[in-house]
Amino acid sequence: MTASVLRMCGDKSCLWKIEKCLLLAGLDPYAGFLHVDRAGKESLVYDFVEEFRQAAVDRVVVAMVNKGLPLEMEEGRLALSTRRELSGRIRERLAGSEKYRGKKYRLESIIQLQARRIATFLRGEASYKPYVSGW
């Protein structure tokens with residue numbers, strides 16, 4: 001159960017970056033196409049995070065579990081110390097390098113580039129190829 005709680009908390013740590021990139025690309029974070037549009041739900045943010053969850057969150061969660069780091073729970077929630085550790089590791093991961101279109105970029109830069117690409121796709125100006133990270 002702790003790994004799934006880590007993943008949910010990790011997603012939340014990553015959503016702010018996804019939303020910022022979508023806004024900078026001129027997109028409405030509430031106008032999704034995979035998740036159902038509901039008032040107050042940032043559907044496009046949830047759609048777009050799917051593309052980066054494995055690279056930004058899952059990899060960090062698996063590493064924390066495999067390394068046997070202390071994953072503490074308090075009243076059914078992750079302890080503050082565990083949330084801080086997870087958040088810090090996700091920030092490091094976002095700042096880490098990945099290969100993208102033949103060059104090395106920070107993962108957070110790839111997210112921004114992909115947000116721009118999806119914006120051109122949604123405007124009907126280009127095709128879209130999702131980002132696939134190596135494990």
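Helices (H or I, at least four residues) and strands (E, at least two) are DSSP runs, numbered from the N terminus. In these terms, Arg 101 sits in the loop between β3 and β4. The model is predicted: local features need pLDDT of at least 70, side-chain atom pairs count only at pLDDT 80 or more, and totals for chains, interfaces and linings use all residues. Residues are numbered from 1 along each chain as its sequence is written, and side-chain values use heavy atoms, with hydrogens and water left out.

**Two helix pairs**

Two packed helices are described by the angle between their axes and the distance between the axes. Axes are lines fitted to C-alpha atoms, for helices over the stretch in contact, and angles run from 0 to 180 degrees between N-to-C directions.

| Pair | Angle | Axes |
|---|---|---|
| α1 and α4 | about 45 degrees | 8 Å apart |
| α2 and α3 | roughly 130 degrees | within 9 Å |

Helix α1 covers residues 2-24 and helix α4 residues 107-122. Their angle makes α1 oblique to α4. Angles under 35 degrees count as roughly parallel, over 145 as roughly antiparallel, 65 to 115 as roughly perpendicular and the rest as oblique. The crossing of α1 past α4 is right-handed. A crossing is left-handed if the near helix is turned anticlockwise from the far one by less than a right angle, and right-handed if clockwise.

Contact means heavy atoms within 4.5 Å. From α1, Lys 17, Ile 18, Cys 21, Leu 22 and Leu 24 meet Glu 108, Ile 111, Gln 112, Ala 115 and Ile 118 of α4. This contact of α1 with α4 has seven nonpolar, one polar and two charged residues. Ala, Val, Leu, Ile, Met, Phe, Trp, Tyr, Cys and Pro count as nonpolar, Asp, Glu, Lys and Arg as charged, and the others, Gly among them, as polar.

α2 and α3 are also oblique to each other. They too cross in the right-handed sense. The α2 side of the contact includes Ala 55, Val 60 and Met 64, and the α3 side includes Leu 86, Ile 90 and Leu 94. By class, the contact of α2 with α3 has nine nonpolar, no polar and four charged residues.

**Helices α3 and α4**

The expected span of a helix is 1.5 Å times one less than its number of residues. α3 has 16 residues and reaches 23 Å from first C-alpha to last, close to the 22 Å expected. α4 has 16 residues and reaches 22 Å, close to the expected 22 Å.

Buried means under 20% relative accessible area, exposed over 50%, partly exposed in between (1.4 Å probe, protein chains only). In α3, the buried residues include Thr 82, Gly 88 and Arg 93. The buried residues of α3 pack against α1, α2, β2, β3, β4 and α4. In α4, Leu 107, Ile 110 and Ala 119 are among the buried residues. Their cover includes α1, α2, α3, β3 and β4.

Glu 108 belongs to α4. Its relative accessible area is 18%, so Glu 108 is buried. Beyond neighbours within four places in sequence, Glu 108 contacts Lys 17, Cys 21, Leu 94 and Ala 95.

**Positive phi**

Most residues other than glycine have a negative phi. Glu 75, not a glycine, has a positive phi of about 55 degrees. Glu 75 lies in the loop between β1 and β2. Glu 75 is exposed, at 84% relative accessible area. Arg 101, also not a glycine, has a positive phi of about 55 degrees. Arg 101 is exposed at 63%. Just after α4, Gly 124 has a positive phi of about 80 degrees.
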